[in-house]
Amino acid sequence: MGAAASSALTSLRLALPASAQTRAAWIGAAALGLAAAATLGAAAWSTRDRRRRRRRSLKQVGTVAEISIYPIKSCKGVIVNEAECTEMGLRSGNLRDRFWLVIREDGHMVTGRQEPQLVLISIAWDNDQMTLSAPNMDDLIVPRKVPSTNAVRNCRIFGVDIQGRDCGDEVSQWITSFLKTETCRLVQFETHMNGRKSKEIFFPFVQNYQVAYPDCSPIMMISEASLSDLNTRLEKKIKMEQFRPNIVVTGCNAFEEDTWDEILIGSVEMKKILSCPRCIMTTVDPDTGIITRKEPLETLKSYRLCDPAEKHIYKSSPLFGMYFSVEKIGSLKVGDPVYLITY
């Protein structure tokens, strides 16, 4: 409370009768007390905020080497130099990560696990439209905006329901013809639709978020050193593409990314969810579309199994890469430092 307000209360008290003066004095004292308490409270919060800011520290643990967006689940990625990071994952303009999904007529997802040759479909993004390319196929342009008259289909990803708008018969026939399989449809997630909730994907203890068609999380990250370590153990070297990360980090030790609880990249803050449990998708050769169901999975199982205490989460799957949620949206680019946030 300022001096002018205090003086006004004093003047009011002198102009009143004795009984009223008593009441005014009590009111004035109470007001002064509340003001003092508020001032002290604000000062205390300010001190706590300053302490909190002082306690937070940043330590560079790596540098962004590559950023990839995978528009259609299981198809080739699009490498970008920079991207926005939304709560549901990476985007570059209207190009979104895993916002398109191949499904069967009954709505069940189709991925490289069932149709390995999906990994041979390349995607180019130009003039706000997607162009699909594949061996022995003519290129096909898929408009970004699907007509609102197209059907909304109910889909299932690992037993969790989600919707997607059908992209039409032409792309359906193109994908089906390339895969030489039963009829496939392509659907697109729209932002007004409900995403798959984290509590439906993982155990309830993970942070709260939603995704469209990724397996588990908005962001998956791997270091170059981790891949190099794995390749020293393999007879045939493999590429990072087989693990399909959004962000590749350089300048750190192998599997150091396992220890990053909270990180800052550009203006984006992320929080570790869990390690990425690996499956037969990693055994699909991204250059040939052939699935071996063996390497690198068997080698990973020899040294990257979880702690026995976490077996109820990961079971017998080997771990390679880390899942992150987006705690603060923003932008990031290749060359950005990766900072570990500690308190």
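**View 1. Surroundings of I265 in the predicted model.** Leaving aside neighbours within four places in sequence, I265 is in contact (heavy atoms within 4.5 Å) with V64, M221, I247, M270, S331, L332, D336, P337 and V338. I265 is also listed, together with I72, L132, M221, I247, W260 and M270, among the residues with the most contacts inside the largest nonpolar core, which has 65 residues. A nonpolar core is a set of buried Ala, Val, Leu, Ile, Met, Phe, Trp, Tyr and Cys residues joined through side-chain atoms within 4.5 Å, where buried means under 20% relative accessible area, exposed over 50% and partly exposed in between (1.4 Å probe, protein chains only). Helix α3 (residues 169-179) gives the most to this core, with five residues, and a second, separate core of 25 residues includes L230, L274, C276 and F320. In soluble globular proteins, nonpolar side chains tend to be buried together.

This is a predicted model, in which local features need pLDDT of at least 70 and side-chain atom pairs count only at pLDDT 80 or more, whereas totals for chains, interfaces and linings use all residues. Residues are numbered from 1 along each chain as its sequence is written, and side-chain values use heavy atoms, with hydrogens and water left out.

**View 2. Confidence along the chain.** The mean pLDDT (the predictor's confidence in each residue, from 0 to 100) is 88 for the protein, and 84% of its residues reach 70 or more. Over residues 1-40 the pLDDT stays under 50, and the model has 12 contacts beyond four places in sequence for them. Residues 42-49 likewise have a pLDDT below 50, with zero contacts in the model beyond near neighbours in sequence.

View 3. Helices (H or I, at least four residues) and strands (E, at least two) are DSSP runs, numbered from the N terminus. In strand β6 (residues 100-104), five of five residues are buried; W100, V102 and R104 point one way, and L101 and I103 the other way. Five bridges join β6 to the antiparallel strand β12 (residues 184-188), and the bridge partner of I103 there is R185.

View 4. Strand β8 (residues 129-133) pairs with β9 over four bridges, and Q129 stands opposite P143.

**View 5. Salt bridges between separate parts of the chain.** With a salt bridge taken as a side-chain nitrogen of Lys or Arg within 4 Å of a carboxyl oxygen of Asp or Glu, the count comes to 18. R144 forms one with D128, the closest N and O atoms being 3.0 Å apart; R144 lies in the loop between β9 and β10 (152-157) and D128 in the loop between β7 and β8, so the pair ties together parts that are 16 residues apart in sequence. R144 is partly exposed at 26% relative accessible area, as is D128 at 35%. The side chains of D287 and K239 also meet in a salt bridge (2.8 Å, N to O), and this pair links distant parts of the chain, 48 residues apart.

How values were computed
Pairing = 2+ DSSP bridges.
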